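Open the model in your viewer and keep the selection tool ready. We will go stop by stop.

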Amino acid sequence: MDLKERLSELKKDALAEITNVDDLKKINDIRVKLLGKKGPITEVLRGMRDVPADQRPRIGSFANTVRDELTRALAARKEKLEIIKTAKKLEKEKIDVTLPGVAVKVGQPHIIEQVIAQIEKLFLGMGYQIVDGPEIEEDHYNFEMMNLPKDHPARDMQDTFYITDQILMRTQTSPVQARTMEKHDFTKGPLKMISPGKVYRRDTDDATHSHQFHQVEGLVIDKHVTMADLKGTLQTLARTIFGEKREIRLRPSYFPFTEPSVEVDVSCFKCDGQGCAVCKQTGWIEVLGAGMVHPNVLKMAGIDADVYGGFAFGLGPDRFAMLKYGVDDIREFYLNDVRFLQQFSQKG
Ligand code: DAH
């Protein structure tokens with residue numbers, strides 16, 4: 001077989017190989033194999049020295065044509081494979097813009113959080129600061145600083161989870177009063193704060209008791225604060241939560257950290273004070289405790305009780321939510337049954 005025939009044969013095989021390749025990565029391997037230094041064309045050209053001189057130009061030019069043809073065939077195949085690859089990719093990423101959308105389920109804050117947020121908004125608007133306090137608290141702040149010395153009988157009002165003799169799960173948000181009073185700089189103005197958060201009692205859970213529930217503490221300390229200020233503040237609170245037409249009344253009560261102390265009732269929002277099952281036919285519903293801050297509490301926090309005074313209150317968002325939405329079992333709030341929680345959509 002002369003050189004020209006060998007080249008023709010080689011071209012035929014090479015073109016077949018190029019046409020058959022379907023992997024882009026292999027194209028380069030084939031190019032190196034066919035046209036590279038160790039490739040068959042180079043090898044054929046090396047045999048040129050044995051070709052008679054008069055035939056060399058003809059064979060040489062034919063060899064070049066073969067090389068060019070193969071180079072073109074490789075480029076064309078590469079382009080084709082690239083087009084196929086892009087087409088496949090586009091096919092995979094195809095988006096049908098006419099498909100209906102998938103509705104995204106939007107969550108909402110827990111109902112207790114919603115009640116707390118409503119209270120926070122009201123008090124922020126009245127210039128109060130919102131203060132956080134520790135849930136694992138010292139006996140010192142939870143009780144002593146709130147005028148409840150060791151062995152004081154009123155400690156029995158709040159069954160306590162003790163961690164050590166001195167450390168406990170706070171039974172009330174009242175300790176945040178003491179922590180904030182200690183730090184407050186009265187040369188900068190009065191102290192007005194609320195403190196929402198979780199509290200813990202060693203109670204057996206039932207429809208009206210939970211070992212963990214929520215409170216919002218309130219405290220105002222300034223010169224010349226009166227009980228009328230307390231009443232006006234609580235009336236605004238009652239109207240914000242329970243409706244514009246609500247009245248409140250104060251009944252004498254006892255808390256160790258306030259003197260005088262009051263229990264606060266709101267006129268029944270269900271029957272407008274006529275008497276119904278919700279208010280047990282009295283027209284009034286007890287909603288929170290409050291009072292004028294006891295001088296002992298001020299003194300222990302380093303405040304001059306002859307110059308400064310104020311009021312405090314403590315309320316339960318769980319109780320507020322139960323009353324407002326007619327929930328008759330506090331445990332519902334903590335079961336996290338989505339069907340229950342979804343009823344309190346913020347849109348409603
Ligand atoms: N700490 C009280 C409790 O848990 C609630 C309370 C009552 C807080 C009267 C107050 C207050 O600040 O003045 O039962």
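Is E259 buried, partly exposed or exposed? Select E259: its relative accessible area is 48%, so it counts as partly exposed (buried is under 20%, exposed over 50%, partly exposed in between, with a 1.4 Å probe and protein chains only).

Before moving on, note that this is a predicted model: local features need pLDDT of at least 70, side-chain atom pairs count only at pLDDT 80 or more, and totals for chains, interfaces and linings use all residues. Residues are numbered from 1 along each chain as its sequence is written, and side-chain values use heavy atoms, without hydrogens and water.

E259 sits in strand β7, residues 258–267 (strands are DSSP runs of E, at least two residues; helices are runs of H or I, at least four). Now show M292 and H294: E259 touches both, leaving out residues up to four places away in sequence (contact means heavy atoms within 4.5 Å).

Next, colour the cysteines. The structure holds zero disulfides (a disulfide is a pair of cysteine sulfur atoms within 2.5 Å). Select C271 and C268. Their sulfurs are 3.5 Å apart, too far for a bond. C271 is buried, at 13% relative accessibility. C279 is buried too, at 3%.

Finally, zoom out. Colour domain 1 (3–92) and domain 2 (121–341), with bounds from an automatic or database domain assignment. Their C-alpha centres lie 90 Å apart.
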